[in-house]
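I opened this model to look up how its chains are built and how they meet. My notes are set down in the order I made them.

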Amino acid sequence: MSEEKHHVVPYRVYVIVLLALLVLTFASIGITSIEMGKFTVTAALVFACIKTYLVLTYFMHLKYDKKYITAMVVFVFVLFFVVIVITFLDYLYR
Amino acid sequence: MEQNTHVGHDHYDAEASKIGMWLFIFTELLLFGGLFIVYSVYRFMNQDAFHLAAEELNTTIGAINTILLLVSSMTIAMSTSTLQLKKKGATLALLAVTVLIGLIFLVNKYFEWGTKFEHGIWPGSEHLLNDFSQGEILFFGLYFVMTGLHALHIIIGLIIILVAAWRVHKGTVNENRASLLENSGLYWHLVDLIWIFLFPLFYLIH
């Protein structure tokens with residue numbers, strides 16, 4: 001339906017999300033400068049995933065859209081994750 | 001349904017165009033996703049070389065570009081709100097800021113790549129092929145392909161935003177017909193999302 005009432009997201013929400021994203025960016029720069037071996041990669045990816053969640057939820061409006069769009073996005077990420085797992089099962093155990 | 005005041009066919013459907021945009025974004029995610037898998041497999045196989053090669057990249061310029069993209073993501077997200085509130089001037093101003101930031105990102109990228117070229121590092125360069133290990137060659141190959149493809153997306157994103165801004169200016173994109181602006185926003189956020197992963201994988205992990 002095209003006449004569906006649009007949810008207008010208050011500016012405040014965007015500013016808060018941006019600040020959170022900036023803090024997470026600096027946190028990830030900080031944490032990767034510490035020598036932690038393999039955990040550096042894990043830490044960097046965890047921060048990237050949290051940032052992705054924020055961008056998808058607030059900037060890309062998933063929070064305010066119908067839930068099936070979220071379901072589609074989740075499906076694509078799960079699909080991608082499965083491909084990664086299968087690829088690495090191959091490389092780790094060949 | 002929208003009231004049919006227009007004569008002829010008028011197929012504006014905000015929800016359908018949103019679904020279409022998301023489907024397109026999925027193909028983009030999987031395109032870059034494939035490259036990320038290539039990156040992670042080669043990193044797994046050449047850990048020391050990737051470690052060494054990543055030292056060559058400038059974390060500061062990468063961090064600045066990250067901040068720029070995050071801010072521009074916010075400005076374009078805000079422009080969708082101002083459009084709904086019928087603030088045309090503010091919408092255009094926010095879009096102008098977004099485009100400006102995108103251009104600064106590209107200028108940074110130009111200087112960043114320029115420095116690499118000055119050091120004799122580009123895909124297939126003699127210095128790279130003769131003096132670097134296989135793993136380092138792979139790292140720089142992926143670096144140029146992935147950041148290059150990302151920069152191409154920035155350029156396309158800027159063009160789409162300019163078209164949307166022009167249509168906002170003309171009034172054909174307005175609070176009742178916001179799809180073009182909202183979809184350009186989604187595209188710009190996608191470009192931001194990809195950078196959120198490119199930045200730590202290339203610049204941060206040493």
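**Ground rules.** I am working from a predicted model, in which local features need pLDDT of at least 70, side-chain atom pairs count only at pLDDT 80 or more, and totals for chains, interfaces and linings use all residues. Residues are numbered from 1 along each chain as its sequence is written, and chains are lettered from A and ligands numbered from 1 in the order in which they are written.

**Confidence, chain A.** I looked up pLDDT, the predictor's confidence in each residue from 0 to 100. Chain A has a mean of 90, with 94% of its residues at 70 or more. Helix 2 of chain A has the lowest confidence, a mean of 94, and helix 3 of chain A the highest, at 96. Helices here are DSSP runs (H or I, at least four residues), as are strands (E, at least two), numbered from the N terminus.

**Domains, chain A.** I found domain 1 at 1–63 and domain 2 at 66–94, with bounds from an automatic or database domain assignment. Their C-alpha centres lie 20 Å apart.

**Helix pair, chain A.** I checked helix 1 (residues 11–33) against helix 2 (residues 39–59): their axes come within 9 Å and cross at roughly 170°. The two helices are therefore roughly antiparallel (angles under 35 degrees count as roughly parallel, over 145 as roughly antiparallel, 65 to 115 as roughly perpendicular and the rest as oblique). Axes are lines fitted to C-alpha atoms, for helices over the stretch in contact, and angles run from 0 to 180 degrees between N-to-C directions. The residues of this contact divide into 14 nonpolar, three polar and one charged. Ala, Val, Leu, Ile, Met, Phe, Trp, Tyr, Cys and Pro count as nonpolar, Asp, Glu, Lys and Arg as charged, and the others, Gly among them, as polar.

**Chain contact.** How many residues does each chain give to the contact? I noted 32 from chain A and 35 from chain B, where contact means C-beta atoms, placed from the backbone, within 7 Å. On the side of chain A, helix 1 gives the most, nine residues. That side has 22 nonpolar, eight polar and two charged residues.

**Chain B.** I read seven helices and zero strands. Of its 206 residues, 36% count as buried. I then looked at B:Gly124, in the loop between helix 4 (88–118) and helix 5 (126–131). B:Gly124 counts as exposed because it has 9 C-beta neighbours inside 10 Å (buried is 20 or more other C-beta atoms within 10 Å, exposed 12 or fewer, partly exposed in between, with C-beta atoms placed from the backbone).

Technical notes:
Contact = placed C-beta atoms within 7 Å.
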